[in-house]
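The exercises that follow are meant to be worked with the sequence and the coordinates side by side. Try each task before reading its solution.

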Amino acid sequence: MDNRVIYADNAATTAVTEEVLGAMLPYFCEEYGNPSSIYKAGRDARKAVEEAREKVAKAIGAIPHEIYFTSCGSESDNWAVKGAAELMAEQGKRHIVTSAIEHHAVLRTCKYLESRGFKVTYLPVGADGAVSVNDAEKAIRGDTALVTVMYANNETGVIQPVSELAEICKAKGVLFHTDAVQAVGHVEIDVHSLGADMLSLSGHKFHAPKGVGALYVRSGIKLPNVIHGGGQERGRRAGTENVPAIVGLGAAIEAAVCDISRREAAISAVRDKLAEGLLEIPHTRLNGSSDKRLAGTLNISFEGIDGEALALMLGMKGIYVSSGSACTSGETDPSHVLLAMGLDEFTAKSAIRLSIGEDITEADAAYMIGTIKAVTEKLRRSSPAWARIIKNDNI
């Protein structure tokens with residue numbers, strides 16, 4: 001019996017590497033000073049924080065003082081969207097443009113702002129899962145404060161036209177934010193070339209620990225405080241810094257952006273073999289663009305079965321995948337992302353997401369294909385929905 005474990009849910013979280021853990025360990029018990037203290041232990045901790053800030057900035061083409069450490073991508077998104085809304089409301093701008101496929105950290109923040117009198121336009125996406133640049137340009141009004149569109153979707157991996165959107169926003173004098181939580185460390189990003197005013201990232205998506213992220217804010221933008229209190233993060237985010245986690249973030253992002261092209265090409269090759277084998281199963285479909293996507297992400301619907309049931313059975317066989325975003329685990333509604341792409345409710349609920357890393361080999365992919373085929377066949381044998389599909393095929 002094959003007892004292997006294949007982790008294919010990297011879009012949900014990644015393991016902390018030994019290299020990153022090794023960088024963090026001294027700051028728990030040895031170099032434990034408060035970065036705000038003036039004696040040597042505090043100065044050493046401050047130096048570690050600022051070195052990590054430099055690493056994050058370098059990784060995305062920013063300047064160190066443009067990087068603010070946060071607890072996660074959701075906090076970064078909240079700060080960017082709420083902060084931009086508050087800032088621009090002072091100029092009478094109370095309109096926000098976003099997309100229908102954003103992470104809930106953005107969507108629910110926008111809903112909150114609607115309850116406070118802001119107007120929000122939710123851009124549709126095409127069947128390929130991408131926002132239309134023309135739609136975005138038409139949606140921008142004289143009172144638009146912010147356009148916020150994610151860099152890459154967390155469920156489908158589809159990469160959005162963020163450079164074009166940023167260019168339009170710059171021409172119209174509108175702030176542009178992108179949730180790049182799924183993209184940082186997986187695609188090459190230079191915020192200044194991109195033209196983004198703000199960009200969110202989260203460490204646990206590229207082998208840093210959970211509970212640490214960052215927000216890039218372009219020089220000259222004075223976002224309101226996200227937390228009031230002490231003078232940490234240049235007076236914008238009070239609270240003693242989580243030094244070990246910040247050090248881990250710096251070490252992880254430095255490693256993640258090293259040789260991205262080679263690593264992502266290798267991952268893409270395995271992903272394509274995985275997709276080819278799975279799409280041979282009858283009544284399956286790839287959700288989202290086949291080319292403009294992250295290297296390791298696949299979202300596939302297996303018609304006639306429930307995606308959550310498929311994910312659970314695969315987990316019992318040591319293959320860890322997701323039936324959607326980890327942040328919506330436990331919710332019974334179909335994916336808002338897939339519905340926005342035009343899938344019907346049943347097809348949307350039949351989807352699973354596979355997000356692989358460099359550790360997945362072609363042999364692993366072959367094992368996954370065989371196991372998923374067998375589990376799919378088993379689930380379909382007892383599925384009334386599948387029986388109806390077969391009946392319709394035979395008419």
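**Exercise 1.** Against which helices and strands do the buried residues of helix 3 pack?

Solution. Begin with the helix itself, bearing in mind that this is a predicted model: helix 3 covers residues 40–60, and its 21 residues reach 31 Å from the first C-alpha to the last, close to the 30 Å expected. Next, list the residues with under 20% relative accessible area, the cut-off for buried; in helix 3 they include Ala45, Ala48, Val49, Ala52, Arg53 and Val56. An α-helix has 3.6 residues a turn, so residues three or four places apart point the same way. Finally, look for the partners, which are helix 2 (26–29), strand 2 (67–70), helix 8 (191–194), strand 7 (198–202), strand 8 (213–217) and helix 9 (243–256).

**Exercise 2.** Describe how helix 11 and helix 14 cross, and which residues make the contact.

Solution. The axes of helix 11 (residues 307–316) and helix 14 (residues 362–381) come within 10 Å and cross at roughly 130°, which makes helix 11 oblique to helix 14. The crossing of the two helices is right-handed. Helix 11 contributes Ala309, Leu310, Met313 and Leu314 to the contact, while helix 14 contributes Thr371, Ile372, Val375, Thr376, Lys378 and Leu379.

**Exercise 3.** Where is Arg234 found, and how exposed is Arg234?

Solution. Arg234 has a positive phi of about 55° although it is not a glycine. Arg234 lies in the loop between strand 8 and helix 9, and its relative accessible area of 38% makes it partly exposed.

Definitions and conventions. Residues are numbered from 1 along each chain as its sequence is written. This is a predicted model: local features need pLDDT of at least 70, side-chain atom pairs count only at pLDDT 80 or more; totals for chains, interfaces and linings use all residues. Side-chain values use heavy atoms; hydrogens and water are left out. Helices (H or I, at least four residues) and strands (E, at least two) are DSSP runs, numbered from the N terminus. The expected span of a helix is 1.5 Å times one less than its number of residues. Buried means under 20% relative accessible area, exposed over 50%, partly exposed in between (1.4 Å probe, protein chains only). Contact means heavy atoms within 4.5 Å. Axes are lines fitted to C-alpha atoms, for helices over the stretch in contact, and angles run from 0 to 180 degrees between N-to-C directions. Angles under 35 degrees count as roughly parallel, over 145 as roughly antiparallel, 65 to 115 as roughly perpendicular and the rest as oblique. A crossing is left-handed if the near helix is turned anticlockwise from the far one by less than a right angle, and right-handed if clockwise.
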